[in-house]
Amino acid sequence: MKKFLLAAILFLAALAAGAQVSRPKLVVGIMVDQMRWDYLFTVAHRWGDDGFNRLLSQGYSCNNTMIDYVPTVTACGHASVYTGSTPAFHGIAGNDYKIDGRSVSSVEDTTVRGVGTTGKAGRRSPRNLLVTTLGDQLKLATGGQARVVGVSLKDRAAILPAGHSADAAYWYDNDTHQFITSDYYRQNLPAWVKTFNKENAAVLARDVWKQPCGVSMTLALAEAALRAEGLGRDEVTDLLAVSISTTDAAAHTFGVRSERVDSVYEQLDRDLAHFLRVLDNQVGQGNYLLFLTADHGGTYSEPHMQQQRITSGRFDSGKARQEANRVLKDRFGVDNLISDEMEYTFYINNQAIAQAGLDREAVKTAAVEALAAPRQVMWAVDCERAAQAPIPALVRERILLGWHSKRSGEIFVLPVTGHYASWEGDRCGSNHGTWSQSDSHIPLLFYGWHVPQGETAQLTHMTDIAPTVCAMLHIQAPDAAIGTPINAITASRQH
Ligand SMILES: [Zn+2]
């Protein structure tokens, strides 16, 4: 009888445990725009113990996390981290791309209006994103009870991580110098955002894109959102997605490892330490699961490389297009047969080809040849036939994963490694977008709820992040996820 009772109690206990999956109160995703993996170590001597070093010493560092597609740019990176997928699937094929022949910015949506601004910067939503995100899965798993909020200076870096079903996303408007949203999310700017904008008006009017104060403003808004939107307060897991943009804009201007950029990271370390303390106080140590990663890396500037006698240079995509168009005109008698170029992606002018009754395949083949001609170009690839391209499998695979059949250009150009499509101003800035280690090797730190301490040099992928978090939470991974949960993180998950 006793044995029977014990068995019955154990059975009931197991039933109860099955019904109640244990989850953290909050998931915090922090993305640092253009943070190279090695920044974790090259700038570490300028950091305290409570920011990055707290994550490194108490959390888990995946030291060999790669981006598996090109182009390695902001919009693609933010979408890929939170969908566990790549542009071929999620449709965010660049910072800009084409939908039905029209050039759009990644999160542009003319059907919505700005809230907190009357300008164009408010006409943004996640509608161009074709698949579900981590936050969407959290909403689905909790019957909509989870709260999901995205915060960043950049619109795309707030909107794409927050996903379709988000409660809110806030980004910075260059015209009003304030944080705004769109009516995709809500009709009025919440009182707490208005207050934040008012109280910080003087700082927000400064160059938040390139000065350390941009980091502080972003994390301060994240902190305010945490309190005001009631994140991590109950047993239903919420998501706060934060992205730091200043690191990218500063690096584009001043260059990787310049004093100006290092000082931005120094500020980030201080603000991160404070933000972690806030999470400890508001949500409780051990009650939140945090990951920190980047949307892409970045290379040293051209002069910086040349100082060390390392080859580097410029691939002028505008000039490449012009020259290719000249060659194509000589052969086919039609102007502008390559209609657009967006960094490394080139669009064939299908309309002109149809109007002139040209053979599309012949034009495309000639365009590929012409674009491959400059000395700074390694390969030009016909994306519609990328699977057959005579290039190394690793690069071919990255083109295929980064190419969206309805939105990307037909031709992708890969410059000689170390050459970049655009350099700002006097070329002292850094750059990214290619498949190289500089651009595609990103930091990945996990910290908090059931995360073991440690590190690995084993290969992991940007697309593993969302599946890993979902495995920890015991929720379904985003629909188009192609990554795999990282075993070292999920193994210590207790029930
Ligand atoms: Zn950038």
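**Figure 1. The two domains of the protein chain.** In this predicted model, the domain assignment divides the protein chain into domain 1 (22-298 + 435-490) and domain 2 (316-375 + 377-415). The centres of domain 1 and domain 2, taken over C-alpha atoms, are separated by 33 Å.

**Figure 2. The contact between domain 1 and domain 2.** Domain 1 contributes 17 residues to this contact, and domain 2 contributes 18 residues. On the side of domain 1 that touches domain 2, helix 5 (87-90) and strand 4 (96-99) each supply at least two residues. Strand 4 provides the largest share of that side, with 4 residues. Sorted by class, the side of domain 1 that touches domain 2 comprises 10 nonpolar, 4 polar and 3 charged residues.

Figure 3. An open sheet is formed by 4 strands, arranged in the order 13-14-16-15 with antiparallel pairing.

**Figure 4. The pairing of strand 15 with strand 16.** Strand 15 and strand 16 (residues 411-415) are joined in the antiparallel sense over 5 bridges. Within this view, Asp382 is found opposite Ile411 of strand 16.

**Figure 5. Helices packed on the sheet.** Helix 14 packs on the sheet and touches strand 13, strand 14 (345-348) and strand 16. The direction of helix 14 makes about 165° with that of strand 13. Helix 16 also packs on the sheet, where it touches strand 13, strand 14, strand 15 and strand 16. The direction of helix 16 makes about 165° with that of strand 15.

**Figure 6. The packing of helix 14 against helix 16.** Helix 14 (residues 317-332) and helix 16 (residues 360-372) pack with their axes 9 Å apart and at an angle of about 135°. Helix 14 is therefore oblique to helix 16. The crossing of the two helices is right-handed.

**Figure 7. Residues at the contact of helix 14 and helix 16.** From helix 14, the residues Ala320, Ala324, Val327, Leu328, Arg331 and Phe332 take part. They meet Val363, Ala366, Ala367, Ala370 and Leu371 of helix 16. By class, this contact contains 10 nonpolar residues, no polar residues and 1 charged residue.

Note on methods
Residues numbered from 1 in each chain as written. Predicted model: local features only at pLDDT ≥ 70, side-chain atom pairs only at ≥ 80, totals over all residues. Axes fitted to C-alpha atoms, helices over the stretch in contact; angles between N-to-C directions. Parallel < 35°, antiparallel > 145°, perpendicular 65-115°, else oblique. Left-handed = near helix turned anticlockwise from the far one by under 90°. Contact = placed C-beta atoms within 7 Å. Nonpolar A, V, L, I, M, F, W, Y, C, P; charged D, E, K, R; others polar. Domains from an automatic or database assignment. Pairing = 2+ DSSP bridges.
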